[in-house]
Every structure is written in structure tokens, then in C-alpha cells.
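Here is a quick tour for anyone meeting this protein model for the first time. Have a look at the picture, then read on.

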Amino acid sequence: MTPPSALIGIGIDVGGTNTKIAVANSEGKILRELEIPTEPSLGPARFVRRVVSVIHLWESELDLEHSPVGLGLAGDVDSKKGTMRAAPSLPGWSGFNFRRALSSALKRPVVIDNDANMAAWGGYVVELGRRPSTVVAVTLGTGVGGGLIINGKLYRGATGSAGEIGHSRVELRGLACRCGARGCLEAYAGAYGLSRMAKALLAGKPRKPSKLRRLSPAELTPRVLAEAAEAGDAVAREVWRRAAAALAAGLAGIVLILNPEMVLILGGVSRAGKLLLDPLSEAFRREPFRTPFRAVSLRAARNPNLGCVGAALLALEESAPARN
């Protein structure tokens, strides 16, 4: 029997290349899912029409009449207005009102937020079961995002920009970040930062022996670098050492400011597992101000669909008063 639509949310996780759409229940179980190309060059209005057509198709199979929709977008999102302020990976989408377009077409509540906030909420509910109540979630993907759970609620800050961990500075006058600044955590621990670091080490002197030299720059992905490091490749191991050191520097400041009970690592790069978590744990153990670092736990998420699932769950969470 299909659960009542009040207990089902629809989540959309929009990336620069692909978009995941999922129907999930209040426990985070996926009932339907589909991945489509984002095709940002066609514009946001065309994208919305394609998403709406998928949801209408699913309505014939599931009771989705009142299911709220959550949309996670990569960029600077105004969650109150439902618009994008800036969208580096979605050119031409800035200023478009996604909430108005989706709610008009679907006649239901729509929640819009940054994709990292959606993934953080998904991790909090699905991976942690809403325990503990204060969590810092770090999303390691192409770039580095973050979300803050404080007292069991998603914390957005004054402009919805809270949790931009990837743009905290970990090195003065360091590597260039895609945001235009230098020394951001994202430039070291995101996928593009890892690849750039590997290329620099392979080109540097003295030349360390490495099987990575056989690969093209495009093949230096986090998965390949992790496999090479686990096999003992010196260059790959140095890449992960530097990434973990940058991550430790960025997260140490967050731990000192927020005093969280948990740091949850999400995203594709997090699948490096111990290559990141072991040195990160060791760095936390060396912090001289022991109290907050003794209390915080580190964990890597296991669920690969927390972006779209989190969007569905946050839509359920924040639209609940409108449904009652």
C-alpha cells in the first residue's frame, strides 16, 4: 500500500552536470529515483518544466498529490525568496525564482536551499537519526560545502550563507579558489583541488616515482587517487596528506567556534575514508585546547544519495505546518 502523501517528500539535487530526483518517505527510504542531465545552457525555466514532467509521471504511480518538494541548488541561494543569487556552475540561472515556478506548476509547498544544506539535513536525519543535536556537516565533492545543525535545526544565518566551510581560509595567500579568493579549504580538499595538487606534485622536483604519471589530468579523480594511495603510491599519499591537513585546519576553527558533538563528512571525496579520517582524528588529538576536541566525534556518511533525500526530508520538515 502506498504511504499517504503527507509522509512523502520529493527531493531534487541539482548539479552542474546531472540532477537527481527522488521520492522519499519520512525515514529517508527512496521510493522512486531518476537522474537526468541538468543541461544548464537551456535555462532554468526549461529545467523546471522537465522536472515537473517527471513528477507528474510519478503521480500516476504514487499518491503524491500533497507531497512537498525540496530543491537543492549548487550556488548562493536565497532560501527565503526561493532564488539563486549566484550560480558559478549554473550560468544564467541567477535571479530565477524557482519556488514560484515549481509551486505554480505543482500546486504544493516548495523548499529551496543550497545543495550542501540539503545534504547536511539528509545526513542528520538518515545517518545520525537526529542525534546528536549539534552537528557540522562537510560536503566534499567537486568543491567543499557545509551545513550546520544547531539544537536539531538547520542553521542558515542572516542571509542563508551559514556553513560555507569550503571558503574558510586555511592558508594565507594560498592556492587560488574558484570563488576568486586564495587559500580557501575548497582549493585543497575538493575534487578539483585534489586533481590540481596531484598534477603539481607530478610536475615538481624531485620527481617521486608514481604510476599516476601514466594517466591524463582528467583521470586524476578522487577515486583513482584514493586507490593509488592505498596501493602505496607516494604522490597520491602526499595529495591526501595535504588535503587532510587543510581539512583539519578548516574544521578546527569550526569546532572551536561551534563546539559541535559531531563532524559528519559527506560527498564523493569522503569515500577516501581513512585517508582523510585518520589524519583528521590525529590532528584533532594534537589540538592544545582539549575540551571541544575531546567531545567531538568524526564520521563519514555511507549513503550516496543524501542530497536528493535530504531535499525531500527538509521539504517535509519545513512544510509540515502548511499541511496541518
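## Ground rules

Helices (H or I, at least four residues) and strands (E, at least two) are DSSP runs, numbered from the N terminus. This is a predicted model, in which local features need pLDDT of at least 70 and side-chain atom pairs count only at pLDDT 80 or more, while totals for chains, interfaces and linings use all residues. Residues are numbered from 1 along each chain as its sequence is written, and side-chain values use heavy atoms, with hydrogens and water left out.

## A buried arginine

Let's start with R108, which sits in the loop between α2 and β7 (110–114). Is R108 buried or exposed? R108 counts as buried because its relative accessibility is 7%, and buried means under 20% relative accessible area (exposed is over 50%, partly exposed in between, with a 1.4 Å probe and protein chains only).

What does the side chain of R108 make a polar contact with? Its partner is the side chain of E59, at 2.4 Å. A polar contact is a pair of N or O atoms within 3.5 Å; within protein, one must be able to donate a hydrogen and the other to accept it, and residues adjacent in sequence count only if both atoms are side-chain atoms. A polar atom of the R108 side chain also lies 2.4 Å from the backbone oxygen of L64. Leaving out residues up to four places away in sequence, R108 touches I10, E59, L64, E65, S67, V69 and S103, where contact means heavy atoms within 4.5 Å.

## Helix α1 and its neighbours

Helix α1 covers residues 44–59, which is 16 residues. From first C-alpha to last it reaches 23 Å, close to the 22 Å expected at 1.5 Å a residue; the expected span is 1.5 Å times one less than the number of residues. Its buried residues are P44, F47, V48, R50, V51, V52, V54, I55 and W58. They pack against β1 (8–14), β2 (18–25), β3 (30–37), β4 (69–73) and α2 (98–106).

How do α1 and α2 meet? They pack at about 35°, with their axes 10 Å apart. Axes are lines fitted to C-alpha atoms, for helices over the stretch in contact, and angles run from 0 to 180 degrees between N-to-C directions. On the α1 side, P44, V48, V52, I55 and H56 meet F98, A101, L102, A105 and L106 in α2.

Strands β2 and β3 run antiparallel and are joined by 7 bridges; two strands pair if DSSP finds at least two bridges between them. N18 stands opposite P37 in β3. This hairpin has 4 residues between the strands, and G28 takes a positive phi near 90°.

Strands β5 (76–78) and β6 (83–86) also pair in the antiparallel sense, over 3 bridges. D76 has A86 in β6 as its bridge partner. There are 4 residues between these strands, and G82 takes a positive phi near 80°.

## The five-stranded sheet

Further along, 5 strands form an open, mixed sheet in the order β10-β9-β8-β11-β12. Its edge strands, β10 (153–155) and β12 (297–300), each pair on one side only. From one strand to the next, the twist averages 25°. Strand β11 (262–266) runs parallel to β12, joined by 4 bridges, and V263 has L298 as its bridge partner in β12.

Two helices lie across strands of this sheet. Helix α3 (115–127) lies across β8 (135–140), β9 (144–150), β10, β11 and β12, at about 50° to β9. Helix α7 (234–258) lies across β8, β9 and β11, running at about 160° to β8.
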